Amino acid sequence: MKSPHMRILAHSIALAFAGSLVPHAAQADDDMQKVIVTAQSRAQSAQEVPISMEVVTARDIQNLGARNLGDLTGYLPGLQVDATQATQPVFGIRGVQAGDFGIGTDTPVGIYVDGVYTGKTGGALMNFIDIQRVEVLKGPQGTLFGRNSAAGAISVVTNEPDAEFDAAGHIKVGDYGRANLDAMLNVPLGDSTAARLVFVRASSDGWVRNASTGSRTAGDNSWATRLAVKQKLGDAALVLSWEHEQLRQHGWPAFGVVKDTSLPMAGYTGVYDAAYVANFSDPRKAALENDIDGGESRNFDGVTLRADIPLGGVTLRSITAYRTFSSRNLTDNDGTARVDFMLATQDQKKAYNWQQEFKLSGSNDRLDWVAGLSFYDNRERQRSSAIVNTATLDSISLMQGGGADFANLFAGLGMAGVPGVDGNSVFSWQEDNYATLRTRAASVYGDLIWRLAPETRLTTGLRWSRDRKQMQWYVPGRQSAALDALLNTYGPAAGIDASALPANVIFAAAGPLAATPVNASHSWSDWSPRLVLDHKLTPDLLLFASLSRGYQAGGFNVFTPPNPASSDPRERDPSFSPEKMTNLELGFKLYAPSLRATLNGSLFAYRFKNLQDVKLGGSSAIPTYNIINSDQKAKGLDLDGRIRITPRLTAFAGLEFIDQTYQRFATSDTSGATLNLSGQPVGTPFFNGMAGINTNWEALNGRMSATLQGSYHSKSRCNDDTRALQCLNSPAFSTGTAGSKADLRLGWDTANGKFGIGLLVNNLFDKRYVYNLDGQTKAFGLPYASVTAPRTIAVELRGSL
């Protein structure tokens, strides 16, 4: 009997060869040969680029109703975007993703908007504003972009001003208070000058109500604008753009799964055994109870000047960019409204960065080349706060075998006659961790395509990178003004005052070392090569093989300051080694005009060394997020394709199989015992794929259209560390299960395409899943869960001149 994996593989390959499509639901009337991309810093047909990649057009974004990159998850196999928190997104390609929200590390997936690197936090997950296309490149891309991209790159390309007057608008309204608006105005200002202004507004109330506060949450609320001016100077062109975004919304809901108020004291013994998880409640059915609504906010501004200047037989492109943002993320971290386990975390960032990139490109009969020089300077500040109270600290003490020290203290003060104080009194307690970072990077890179024969090309690329990071840590004492005032006023009579309390409990491990600012710096350099051989076996079939290496600078953990007095060199210099990825790929791209079909595929294998990620742990009373390093490897298969069955009907699909495991990784479980996970799965599902159809027909003096598309992923492949919660199978619910999602769009457009109306249904079959059963209070038997959004329905109107 065939295994389930083999049956899925056989069925999926048959589907692909029967006629499937790159996830381009919108391209039913377009010839794939005409899709032009700039993935290799050159304008090329997508079918001519020897890189495993996906392309999403503006129409695709419209069909999905996508607001940002997070809404593309599932429809681009191999791409993972966790956008539950807009100010702390997580990006992954082919299973390589890092969840660190600290400023001391970089992401292995580079995000670029019009060639400008956006980092991983404040500017990485922005609203789509007048998007032309999104290109997702899989595998290392160090020789093509200004910043290195060890695991892959996501390149967002926007529309530029052009010489024709144009105006367009779009309104979308739906359930849960959905109200979106975007408008575009393109105005020629002369024979060689044009301006383009775009405005985007997106808001919703959210699909869940917090029973504790009465507020709706899981919604969004942001607006953004971009103004671009293009000036032609002969054959040269200058484009100056300014973009601004403001985001203000409630935080993502944390669904507590323990509703029994006697727990965890009465049942949790440090292990999530069957007896304890039997008490869990299904968060999809139980009320949300958070003592705070949480909140996310962001202010973002960016200015970019791009110049394209012909210089004889070559072209010079200069990109100068400045970015600044401030963000705040306040999260309920216990998933309950319980006073005795109250925990909230707050992350605040402020960043300024400047980038300068120069690219020279040229070509002749035998050679097509690009050479680049890039500089990057980033200054960033982060304040991480843990907000608890004295009742929480007592609960932790009791669970660790201690006593309810604060309750006993307050009871004693009350008995001594202190007004308004007794054993039930609760006082706030906040601890802060401050970090600042200065990153300076420079690189030189080149990419050459050699035409060895009319149908054969050899691409060679090389990059040199130099990165330097300077980090400062500062951990002051707790903030507990009301408690300190009480003790300083009434404590001396009882022989106690505020100074007798510990300076920190949560950040206790860092406190003694960083009560005054502590600094560290480190530099890294690297050479990253790329080698690709491609051959046109027929005019419509491209074969390619590539070997490339990616690099990402090392970094620092914001919660682990250096200890200059230590005899251990690792404590004096707590930096992390650079990330390095080696990727081998064999692929093909087939265009079959007689079948009106395309089919692309690749076999890949990679090894990733020193992947930087985060894990809850440490010696503090409440676990903190700490950097972990692991070596990983994977092998897999990508397939995508499409077929135009009739002029009115197109089918499309894409899939990825991946076997990703730890090559080297050791960690510890909740009891502190060492776990060797080498050889075990990382967690990435073995299979993920999507498929759909697009059709249109004449009706009502215009054109009707319908797009139905769905995605599916197999269950998570858990290991000895994640099996307890990430692959939970409790009586109330399960996590890590296989999942699916379907989306439908029905539309009608006038014959000239100037006006239209559409109906969007996301999550058509209302599939709900529990995922990410985690949180800092899981160490005490109170994990919280995230839940996928329910079905949403919206109506949209659009018009253009």
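User: How much space lies in the largest cavity?

Analyst: The largest cavity of this predicted model holds about 240 Å³. Here a cavity is a set of points, on a 1 Å grid over the protein atoms alone, where a 1.4 Å probe fits but cannot get out. Grid points are joined across faces, edges and corners, and the volume is the space filled by probe spheres set on the points.

User: Which residues are closest to its centre?

Analyst: G119, K120, Y376, N378 and E380 are the closest, out of 23 lining residues; a lining residue has an atom within 4 Å of a point. The elements that give two or more residues to this lining are β20 (314-332), β21 (344-363), β22 (367-389) and β23 (428-453). Strands are DSSP runs of E with at least two residues and helices are runs of H or I with at least four, both numbered from the N terminus.

User: What is the class make-up of that lining?

Analyst: It divides into seven nonpolar, 10 polar and six charged residues. Ala, Val, Leu, Ile, Met, Phe, Trp, Tyr, Cys and Pro count as nonpolar, Asp, Glu, Lys and Arg as charged, and the others, Gly among them, as polar.

User: What are the ground rules on numbering and confidence?

Analyst: Residues are numbered from 1 along each chain as its sequence is written, and side-chain values use heavy atoms, with hydrogens and water left out. Because the model is predicted, local features need pLDDT of at least 70 and side-chain atom pairs count only at pLDDT 80 or more, while totals for chains, interfaces and linings use all residues.

User: Back to those strands: how do β21, β22 and β23 pair?

Analyst: β21 and β22 are antiparallel over 20 bridges and form a hairpin with three residues between them. T345 stands opposite A386 in β22. β22 also pairs with β23 in the antiparallel sense, over 23 bridges, and D368 stands opposite I449 in β23. Two strands count as paired if DSSP finds at least two bridges between them.

User: And the second largest cavity, what is its volume?

Analyst: The volume is about 190 Å³. Of its 18 lining residues, V113, M126, N127, V156 and E243 are the closest to the centre. β7 (109-113) and β10 (152-158) are the elements that give two or more residues to this lining, which has 11 nonpolar, four polar and three charged residues.

User: Which sheet has β7 and β10 in it?

Analyst: An open sheet of five strands, in the order β3-β9-β10-β7-β8, with mixed pairing. β3 (53-57) and β8 (116-117) stand at the edges with a single partner strand each, so one side of each has no neighbour in the sheet. β7 and β8 run antiparallel and are joined by two bridges; V113 has V116 in β8 as its bridge partner.

User: Where is R67, and what is it in contact with?

Analyst: R67 is in the loop between α2 (58-64) and β4 (79-82). Leaving aside neighbours within four places in sequence, R67 is in contact (heavy atoms within 4.5 Å) with M126, N127, F128, R178, N180, A202 and D220. R67 is partly exposed, with a relative accessible area of 23%; buried means under 20%, exposed over 50%, and partly exposed in between, with a 1.4 Å probe and protein chains only.

User: Last topic: how many residues has the largest nonpolar core?

Analyst: It has 56 residues, and F280, F410, L413, W429, M471, L483 and L773 have the most contacts inside it. A nonpolar core is a set of buried Ala, Val, Leu, Ile, Met, Phe, Trp, Tyr and Cys residues joined through side-chain atoms within 4.5 Å. Helix α5 (residues 405-415) gives the largest share, four residues.

Methods:
1 Å grid on protein atoms, 1.4 Å probe; cavity = no way out; pocket = protein on both sides within 12 Å on 5 of 7 lines; lining within 4 Å.
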